[in-house]
Amino acid sequence: MSDRHLDVVLYERVIGQVTQSHSGRHTFTYDPQYVSDVNATALSLSMPVADATYPGRRIDPYLQGLLPDGDEVRERWAQRFGVSAQNPFALLEHMGLDCAGAVQLVPGGAPGGPHALEGSLERVTDADIGARLRALRADDTAWTVAGERWSLAGAQGKFALTRDVNGAWHEPLGAAASTHIIKPGVVGYRDQALNEHVCMRALALCGLRVASTEYVEFDGQPALVVARYDRRRRADGTVMRVHQEDMCQALSVYPRRKYEASKGPTAADIANLLRRSASDPGHDVHEFVRAVIANYLIGAPDAHAKNYSVLLAGPQVRLAPLYDVASALPYDPRQADSELRDSAMSIGGRRTFGTVEGRHWDRFAALCRVSPDAVRTEVAALAGALPGALEAAFDPFARSALRDRLLTRVRDLSEVTLRTL
């Protein structure tokens, strides 16, 4: 059995190859001409542009991070293409034409190179999208349909669409770029899609950079619509991919270890990575610290390392906007040890909402190597502003049953945080 290759494409240029050996091991090597380009964008901070071959311990976590977290979704794809669900190379060989960031993965030696990648847009109606949402609610593994070749990370059911300049929706087929992610909300948690939308809006009103979201009903089916911040519209109306990676990929950590409790990255790990790699490290470390504080105060339990990312453009590295922020506070945990009670990352050794006091914020500041006084100032400012921002975010949804429950619990958490600061 001979080695197999995937061409790695960034910005319509082959930058290197992922190789799968006859024994199943993976390596990544940059193209020599790409290495000589002083403005080359790295595939990952874990694999800087260099004349080197990166082993599986670097490229495998990156590839795994491009795929859905759920085994059931991967199994569904594997059965469709007759490959192993445990082999990210084989899955991305079929589903890697539109991934997070600008990366595209193409079977090696494809005729015509990256410029010949074919894609098309198929118009869909609100009724079509509504039907797809119903199907996803009934079967959380039904992420893609025939002809789609996009892959997104995460455990929550979702699908990707493209909205054109006139506002019409399309299924992106083949290598066509998606522009939006559609999520029905987590099954079993009432109004979860609305929850995520208002939490994102509230953080934006508090001055944090977040992905743009809308709460929309398609043929009676509610959904969260997330505009992809890793896509840009050119002057001619075409879509450009913008490169990004999540913090697990940047730190060569497998997605299964995305939570700190699973020996995954800590807040200090991410702060230190930004300090080493960001173009404006002081600014980005500060923004990341604010994001951790905001996620805690809003009661978001899922702010793990895969829900923080960096944007990469040539030598420039910048913390990406926040995404996937939703509160667990409206929902009553069914078990005493439920993870709904805890933040994904510890803050000075504490994770349970309502238990982080001033001394824990000081320890968090020390671990992230920032000023404790600055952290306390940000905690006080966000705890003071967040309840009002959340109330404003609910203005268009004043009749929602979610409103009073979420507002009351965020106010309570903010008040106890201020009292114990």
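A: In this predicted model, helix 3 spans residues 71–81, and its buried residues are Val 73, Arg 74, Trp 77, Ala 78 and Phe 81. These residues lie on the same side of helix 3, because they cover an arc of only 135° around the axis. The other side of helix 3 carries exposed residues, namely Asp 71, Glu 72 and Gln 79. The buried residues are covered by parts of the chain that include helix 2 (56–64) and helix 4. Just after helix 3 comes Gly 82, which takes a positive phi of about 70°.

Side chains of opposite charge can pair when their charged atoms come close. Asp 98 lies in the loop between helix 4 (88–95) and strand 5 (104–107), whereas Arg 231 belongs to strand 12 (residues 231–233). The pair therefore links distant parts of the chain, as its two residues are 133 residues apart. Arg 231 is buried, with a relative accessible area of 6%. Asp 98 is buried as well, at 1% relative accessibility.

A second salt bridge is formed by Asp 230 and Arg 228, whose closest N and O atoms are 2.9 Å apart. Both Asp 230 and Arg 228 are buried. Through shared partners, salt bridges join Asp 98, Arg 228, Asp 230, Arg 231 and Arg 241 into one network.

Another salt bridge, between Asp 191 and Arg 190, has its closest N and O atoms 3.8 Å apart. Here Asp 191 is partly exposed, with a relative accessible area of 27%. Arg 190 counts as exposed because its relative accessibility is 63%, and the cut-off for that class is over 50%. In total, the structure holds 26 salt bridges.

Aromatic rings form a further set of pairings. A pair of aromatic rings is described by the distance of the centres and the angle of the planes. The count of aromatic pairs in this structure is 11. One of them is the edge-to-face pair of Phe 28 and Tyr 30, with 4.7 Å from centre to centre and 75° between the planes. Phe 28 counts as buried, at 0% relative accessibility, and Tyr 30 is buried with a relative accessible area of 4%.

Tyr 30 also forms an edge-to-face pair with Tyr 54, in which the centres are 6.4 Å apart and the angle between the planes is 85°. This pair links distant parts of the chain: Tyr 30 is in strand 3 (residues 26–30) and Tyr 54 is in strand 4 (residues 53–54), 24 residues apart. Both Tyr 30 and Tyr 54 are buried. Ring pairs link Phe 28, Tyr 30, Tyr 34 and Tyr 54 into a cluster.

One further arrangement brings together a charge and a ring. The charged end of Arg 256 sits over the ring of Tyr 254, at 4.5 Å from the centre of that ring.

Key:
Residues numbered from 1 in each chain as written. Predicted model: local features only at pLDDT ≥ 70, side-chain atom pairs only at ≥ 80, totals over all residues. Heavy atoms only, no water. Salt bridge = Lys/Arg side-chain N within 4 Å of Asp/Glu carboxyl O. Helix = DSSP H or I, 4+ residues; strand = E, 2+ residues; numbered from the N terminus. Buried < 20%, exposed > 50% of the residue type's maximum accessible area, 1.4 Å probe, protein only. Phe/Tyr/Trp six-rings, centres within 6.5 Å; stacked < 30°, edge-to-face > 60°. Lys NZ or Arg CZ within 6 Å of the ring centre and 35° of its normal. Arc of directions from axis to C-beta. Contact = heavy atoms within 4.5 Å.
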